[in-house]
There are 2 protein chains.
Amino acid sequence: MNKIGLHNAYWLDTEMVDAGVYKWMELAKQANCEVMEIGTAEIVAMTNAERLEFKKAVADAGMILTINDGFTKDDDIAAEDPAVRRRGIERAKRILQAMYELGADRWSGINYSEWLRHPEVATCTPDFKAHVRDLSLESMREIIKTAEDCGVDYCFEVVNRFEQFLLNTAAEGVQFCEDLGSPRAKLLLDTFHMNIEEDNIADAIKFAQSKGRLGHIHVGESNRRVPGFEGKTNMDWDAIMGAVKESGYEGYIIMEPFMKMGATTICCWRDMSHGADIATMVGYAKDGAAFLRSKLA
Amino acid sequence: MNKIGLHNAYWLDTEMVDAGVYKWMELAKQANCEVMEIGTAEIVAMTNAERLEFKKAVADAGMILTINDGFTKDDDIAAEDPAVRRRGIERAKRILQAMYELGADRWSGINYSEWLRHPEVATCTPDFKAHVRDLSLESMREIIKTAEDCGVDYCFEVVNRFEQFLLNTAAEGVQFCEDLGSPRAKLLLDTFHMNIEEDNIADAIKFAQSKGRLGHIHVGESNRRVPGFEGKTNMDWDAIMGAVKESGYEGYIIMEPFMKMGATTICCWRDMSHGADIATMVGYAKDGAAFLRSKLA
């Protein structure tokens with residue numbers, strides 16, 4: 001059965017937001033998760049000794065570490081300015097090297113451009129989109145060599161239209177991977193985003209996997225609650241998890257729920273946790289992991 | 001059975017975008033729709049004589065006219081600046097008066113604040129949201145009197161988190177209507193937005209109607225294609241249309257599909273129409289109307 005994970009962004013707008021990698025690991029483990037997913041900042045900032053120690057701690061806990069993060073306006077590898085692209089390329093290499101040292105083999109995110117980038121034109125034309133996509137591909141041709149050398153699956157996150165404009169569907173993502181041409185070029189598909197963009201979520205999962213490009217999966221309810229939260233859902237989890245099984249995808253399934261009001265980049269404008277404290281939040285995630293496993297059984 | 005309509009925004013990024021109210025009416029009628037929905041600019045700009053003529057043409061065609069539009073940064077009735085709020089209030093009154101003269105009795109949209117407004121704070125707190133909501137309510141207390149006098153249902157559009165932060169769920173919308181207290185305070189619920197925000201779309205429809213606040217419905221696929229497009233969908237249309245029937249909602253159901261790449265405010269970054277020409281687009285809308293009626297039968 002696929003291993004289930006928890007993204008540390010779950011702790012945004014809680015007192016655990018800056019608790020650090022060891023605490024996040026403990027919380028993921030408490031939620032009966034086998035994978036912990038974190039951003040890039042912490043692992044890049046670590047010294048060699050700290051990485052070695054953390055790698056050992058993850059192994060000792062019987063956990064798996066995955067990385068999720070993307071670029072900003074300052075280091076967008078698809079920016080017009082070559083200096084900005086260069087910063088992104090060099091940052092990508094540092095991240096991949098840190099992952100190699102930690103034994104983390106999956107980096108997903110908007111790691112092909114800038115998160116929340118909006119086209120800088122009044123009307124978005126196919127030519128403009130192709131131009132930005134080409135800039136990204138050009139940078140990726142350099143970065144992907146490092147990913148290959150570091151043994152990292154570089155998973156482009158396919159996201160909804162409000163967060164990026166280059167890759168909104170599995171079909172666009174697969175084409176991007178094929179144009180790049182590396183076996184390490186993969187996709188992250190996320191139920192929240194697919195629920196907005198795909199004609200059919202199960203078909204998208206099966207399509208990406210059939211093309212050998214499904215590298216990572218994120219899950220959450222349509223409004224980003226924990227999967228199966230209180231039994232209310234617009235998601236057809238039987239069809240979604242059925243597609244995961246049927247397609248032969250054996251990778252990780254990471255919960256990335258956002259239940260707290262606050263961070264304006266996430267756009268969650270209400271508390272969806274019923275004012276839950278940390279213990280209750282852990283319980284929600286534990287229930288979510290059990291729910292997913294019941295659908296995979 | 002509920003009357004089905006077509007929003008003229010369907011023609012965005014086509015050669016019909018500026019075709020004018022008579023052409024839009026003709027296209028809606030060709031698509032077997034009984035209601036045409038347009039923005040506010042055209043009706044406010046009309047002279048008395050033009051309004052009289054258009055009103056007659058709509059009646060002669062056996063059509064119904066509804067209005068959908070909201071405020072901008074320059075006339076946000078929930079802005080901090082009282083002068084901006086005043087511009088919005090006066091614009092709302094002009095729109096309502098034009099609607100009265102045209103015999104249009106339903107105005108929906110982000111007519112309670114600014115479309116695409118993002119909180120002007122790093123972290124969105126309940127206090128900040130309540131403050132902006134109070135500014136809107138204060139303006140609405142003046143506007144709603146004109147709506148009552150003009151016989152217009154003022155339908156607040158509940159939208160997804162990326163387009164506004166005040167009213168993301170039917171529950172928030174109903175509370176806003178109740179706080180305002182007028183029988184003309186209603187909601188527009190849209191399947192595209194509900195699919196992102198609600199725990200369950202059918203429950204949201206039934207809840208709003210049970211509170212007497214469901215004034216208008218917009219429909220589209222989860223990715224804004226025409227309802228039922230090519231038989232592929234993530235939407236449970238049986239449940240959604242079942243809720244419409246069961247709840248006793250007898251109002252209009254307006255298709256607001258976006259199938260063309262272009263307008264950056266709409267965030268549709270790919271052509272979803274297979275390069276359709278106008279006749280094919282009309283055919284899609286006709287199929288959509290037939291699909292909806294089959295679910296309502």
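The legends below describe close-up views of a predicted model.

Local features are given where pLDDT is at least 70 and side-chain atom pairs where pLDDT is 80 or more, while totals for chains, interfaces and linings use all residues. Residues are numbered from 1 along each chain as its sequence is written, chains are lettered from A in the order in which they are written, and side-chain values use heavy atoms, without hydrogens and water.

**View 1. An aromatic pair within chain A, A:Phe229 with A:Tyr284.** Over all chains the structure holds 27 aromatic pairs. Rings of Phe, Tyr and Trp (its six-membered ring) pair if their centres lie within 6.5 Å; planes under 30 degrees apart are stacked, over 60 edge-to-face, and the rest tilted. A:Phe229 and A:Tyr284 are edge-to-face, at 4.8 Å centre to centre with 85° between the planes. A:Phe229 is in the loop between β7 (214-219) and α9 (237-247) of chain A, and A:Tyr284 is in helix α10 (residues 278-296), so the pair ties together parts 55 residues apart in sequence. Helices (H or I, at least four residues) and strands (E, at least two) are DSSP runs, numbered from the N terminus. A:Phe229 is buried at 7% relative accessibility, and A:Tyr284 is buried at 15%. Buried means under 20% relative accessible area, exposed over 50%, and partly exposed in between (1.4 Å probe, protein chains only).

**View 2. An aromatic pair between two chains, A:Trp269 with B:Phe165.** The pair is edge-to-face, with 6.0 Å centre to centre and 65° between the planes. A:Trp269 lies in the loop between β8 (253-255) and α10 of chain A, and B:Phe165 in the loop between β5 (153-157) and α6 (170-180) of chain B, so the pair joins two chains. A:Trp269 is buried, at 1% relative accessible area, and B:Phe165 is buried at 0% relative accessibility.

**View 3. An aromatic cluster in chain A.** One cluster is formed by A:Phe71, A:Trp107, A:Tyr112, A:Tyr154, A:Phe156 and A:Phe176.

**View 4. A salt bridge between A:Arg225 and B:Asp199.** The closest N and O atoms of A:Arg225 and B:Asp199 are 2.5 Å apart. A salt bridge is a side-chain nitrogen of Lys or Arg within 4 Å of a carboxyl oxygen of Asp or Glu. Across the interface of chain A and chain B, four salt bridges are found.

**View 5. The interface of chain A and chain B.** In contact (heavy atoms within 4.5 Å) are 44 residues of chain A and 44 residues of chain B.
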